[in-house]
Amino acid sequence: MKTFACSVPTNVFFGAGEVSRAGELAVTLGKRAMLLAAKDTMRQLGFLERVEQLLTAAGIEVVVQDDVSPNPRDVDIDNQTRIFLEQQCDFTVGLGGGSAMDSAKAVAFLAGQGGGTISDYLAGGDHADLSDPAIRPACPIMVITTTAGTGSETTPWWVITNTTDHEKPGTGNSTTAARYAIVDPQLMLTIPASITASTGIDVLFHAMEAYLATIATPFTDLLAQEAIRIVMANLGTVLEDGSDLEARSQMAWANTLAGIAIGEGGSGTVGIHALGHSIGGQTDAAHGLTMAAVGPAFMRKTWDADISRYAQVSRMLGYDQGNLTEQQLAQKSAEALEQVLERFGCRITMTDLGVKEEMIEAMTDSVFKTMVGVLDCSLKPISREDVIALYRESL
Ligand SMILES: [Fe+2]
């Protein structure tokens, strides 16, 4: 067995009603919070007011930024950090899906550096190596997730769109893991079906890729396989009836498990996310769907890199075609994935997401500039020519 280390530094509070702990947890992080919330929805649903009240009741002064857009942009982070510093905030609270949580991490990080420009710290920037000892720790972070996707509550990673070159690099270091994560499935009951599907499928990809990564460990295998099992058993239910609290809870748990697998647990995503991110940078498509577009081609390209793992993926995805050998099962992993995507309404092409053939060159450049570390975690080496071919196949 390989050697590995594992820990989950984020304190996770999981379960229906747990959002009520927001105040008591936040008081341990400081006196003044910047509350970053997803644009419009958090206010409309009443979640923003509720969390603001919980924080205020605990004696915390709250600076609200409720204009976090999907795929948060570098310029927004710079601006929010300037306000954080001007208002002398102590910590951030991210309320929403991946965008709000990632914004909370990025603002806390940039505030820790004394402000500046976040793109300096993204791939291609002057200070892109966040493990450099000169980088100062982020301010404390608390996140309250309202979707079952991204896993951002249990990863140190954050993804910010670079508006200069339309890239969507992910980055982070050990100080950008949240101190507290509240995962309250009661906040997920009203998520529209389309977002339930695209975020739910993202959970599946996190778990599947964590299992198919060169850096997978026995710890992350355990989490990833359980997350896949839970998604397969519950995503259909929440798509049919979004108000099913038990099924929502199961999806939320799968998301947290998969987040630990690709984040704090030490495995990661692979070529599917590396290719998906560059689609997101070019088109602003929903994150989960970008992986759905390229996933099958990736599986067709890589299935023979590890027969036993790819065969296990086919089994976990419910592919059952009688007496197949391990080799045949592995070979069928792309088909197994296509069937699952179809079942959950996520069978999609890059063309459906607005990608044109002429964008492929720039998307490929972006993969090698911003996501090569992720790409290289794939069980089979993927060259530049391979990336181009995978994109063409997925158009
Ligand atoms: Fe993802």
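**Sheet, helices and domains of the predicted chain**

Within the sheet, Ala-37 stands opposite Leu-95 in β4; here strands (E, at least two residues) and helices (H or I, at least four) are DSSP runs, numbered from the N terminus. The structure is a predicted model, in which local features need pLDDT of at least 70 and side-chain atom pairs count only at pLDDT 80 or more, whereas totals for chains, interfaces and linings use all residues. Residue numbers start from 1 along each chain as its sequence is written.

Five bridges join β2 to β4, and the two strands run parallel; strands are taken as paired if DSSP finds at least two bridges between them. β2 also pairs with β3 in the parallel sense, over six bridges, and Met-34 stands opposite Val-63 in β3. Six of the seven residues of β2 are buried, a residue being buried if 20 or more other C-beta atoms, placed from the backbone, lie within 10 Å of its own, exposed if 12 or fewer do, and partly exposed in between.

These pairings belong to an open sheet of six strands in the order β1-β8-β5-β4-β2-β3, with parallel pairing. β1 (11-14) and β3 (61-68) are the edge strands, each pairing on one side only. From one strand to the next, the twist averages 15°. Four bridges link β1 in the parallel sense to β8 (residues 180-183), and Asn-11 stands opposite Tyr-180 in β8. Helix α5 packs on the sheet, where it touches β2 (32-38), β3, β4 (91-96) and β5 (141-145), and its direction makes about 170° with that of β4. Axes are lines fitted to C-alpha atoms, for helices over the stretch in contact, and angles run from 0 to 180 degrees between N-to-C directions. Contact requires that the C-beta atoms of two residues, placed from the backbone, lie within 7 Å.

Helix α5 (residues 98-112) has 15 residues, which at 1.5 Å a residue should span 21 Å; its end C-alpha atoms are 21 Å apart, in agreement. The expected span is 1.5 Å times one less than the number of residues. Of the 15 residues of α5, 14 are buried. Gly-114, which follows α5, has a positive phi near 85°.

Twelve of the 13 residues are buried, so α9 is largely enclosed by the rest of the structure. Among the buried residues are Gly-271, His-273, His-277 and Gln-282. The elements covering them include β7 (170-171), α6 (193-211), α10 (287-302), α14 (360-370), α15 (372-375) and α16 (384-393). Asp-284 follows α9 and has a positive phi, near 65°.

In total, the secondary structure of the chain comes to 16 helices and eight strands. The radius of gyration, taken over C-alpha atoms, is 20 Å. The C-alpha trace spans about 65 × 45 × 45 Å along its principal axes, and 55% of the 395 residues count as buried. Of the contacts with a separation of 6 or more, 80% are between residues 24 or more positions apart.

The domain assignment, automatic or from a database, gives domain 1 (11-188) and domain 2 (193-393). The contact between them takes 30 residues from domain 1 and 31 residues from domain 2, and their C-alpha centres lie 25 Å apart.

Definitions and conventions:
Rg over C-alpha atoms; globule rule 2.2 N^0.38 Å.
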